[in-house]
Amino acid sequence: MRMRPLTLSVACSAALLTAGTLPATATATGTPSPASVQEGTVGAADLLAKVTGCSQISSGKYRTDDEASATVPVCGKNGAVFWKADMDIDCDGQRTSNCNENTDPWYQDDTAFHQSNGKPLKADALPYVVVPSSSSIWNYAGAGIKGGGVVAVIYNNKVEYAVVGDTGPTKIIGEASYATAKALGIDPDPETGGTDSGVTYILFKNSQVSPIENHSAAVTLGDRLAQQFLRDN
């Protein structure tokens, strides 16, 4: 099920939404990581109840992997877009003990969007989602999705807030960072991990976390946007 995306260097130039800057949690080694698999006040069931149907906004459908059929549309809702797919593991960005050439045969040392200091993102520390690169199927930027935008990732009745952090192939969808998978209880191994199905990605339009690497800010903003999403749909 593993398919390595083609990382694109994309500049994000848009007005930032102000979010809270609560301190990020850290592991014993000092690597920031999400503290909980149920973040914020909005439950998975409430969010999923709003995405039972699909008003397709993509011109076509995506594959979840190179060998799969194209079955996944991008769907539109008030204030968000969403899709339901698998989760492959993105370990690109800064080299760490978990993400490097030795742990990931498809490793690339860059991500499409960068930290506030200009460095690539850190996949094993920051929950982020990969969006398909713009194509005739769908242009994420045209839909109000940008680097640093907030994503509610739902799996096995758990909600994890992430940011849009990387871009992938133009015909494949369903990928997130090592940290996203780990927080949701999905095997984060970049070569053998991930899950074949059951993941819902809700991307909130015109949102942006600043700085992109502040996971606590993503949770604060994501919770607010999720509450608004429930009210508007």
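Q: Are phenylalanine 204 and phenylalanine 229 buried or exposed?
A: This is a predicted model, in which local features need pLDDT of at least 70 and side-chain atom pairs count only at pLDDT 80 or more, while totals for chains, interfaces and linings use all residues. Residues are numbered from 1 along each chain as its sequence is written, and side-chain values use heavy atoms, with hydrogens and water left out. With buried meaning under 20% relative accessible area, exposed over 50% and partly exposed in between (1.4 Å probe, protein chains only), phenylalanine 204 and phenylalanine 229 are both buried.

Q: What kind of pair do the rings of tryptophan 83 and tryptophan 138 form?
A: The structure holds three aromatic pairs, where rings of Phe, Tyr and Trp (its six-membered ring) pair if their centres lie within 6.5 Å, with planes under 30 degrees apart counted as stacked, over 60 as edge-to-face and the rest as tilted. For tryptophan 83 and tryptophan 138 the centres are 5.9 Å apart and the planes stand at 75 degrees, so the pair is edge-to-face.

Q: How many residues apart in sequence are the parts that tryptophan 83 and tryptophan 138 tie together?
A: Helices (H or I, at least four residues) and strands (E, at least two) are DSSP runs, numbered from the N terminus. Tryptophan 83 belongs to strand 2, whereas tryptophan 138 sits in the loop between strand 3 (128-132) and strand 4, so the parts joined by this pair are separated in sequence by 55 residues.

Q: How far apart are the ring centres of phenylalanine 204 and phenylalanine 229?
A: This pair links distant parts of the chain, with phenylalanine 204 in strand 7 and phenylalanine 229 in helix 3. The ring planes are at 75 degrees, so the pair is edge-to-face, and the distance between the centres is 6.1 Å.

Q: Which residue caps the N-terminal end of helix 3?
A: Helix 3 covers residues 215-232 and has 18 residues. A side-chain oxygen lies 3.2 Å from the backbone nitrogen of serine 216, and the residue that provides this oxygen as the cap is asparagine 214.

Q: To which residue does a disulfide join cysteine 54?
A: Two disulfides, each a pair of cysteine sulfur atoms within 2.5 Å, are found in a search of the whole structure. Cysteine 54 is partly exposed, with a relative accessible area of 40%, and lies in the loop between helix 1 and strand 1, 21 residues from its partner in strand 1. At an S to S distance of 2.0 Å, the partner is cysteine 75.

Q: What is the angle about the S-S bond in the link of cysteine 91 and cysteine 99?
A: Both cysteines are buried, and their S to S distance is 1.8 Å. The link is left-handed, with an angle about the S-S bond of -70 degrees.

Definitions and conventions: Expected span 1.5 Å × (residues − 1). Polar contact = N/O pair within 3.5 Å; in protein donor to acceptor, adjacent residues only side chain to side chain.
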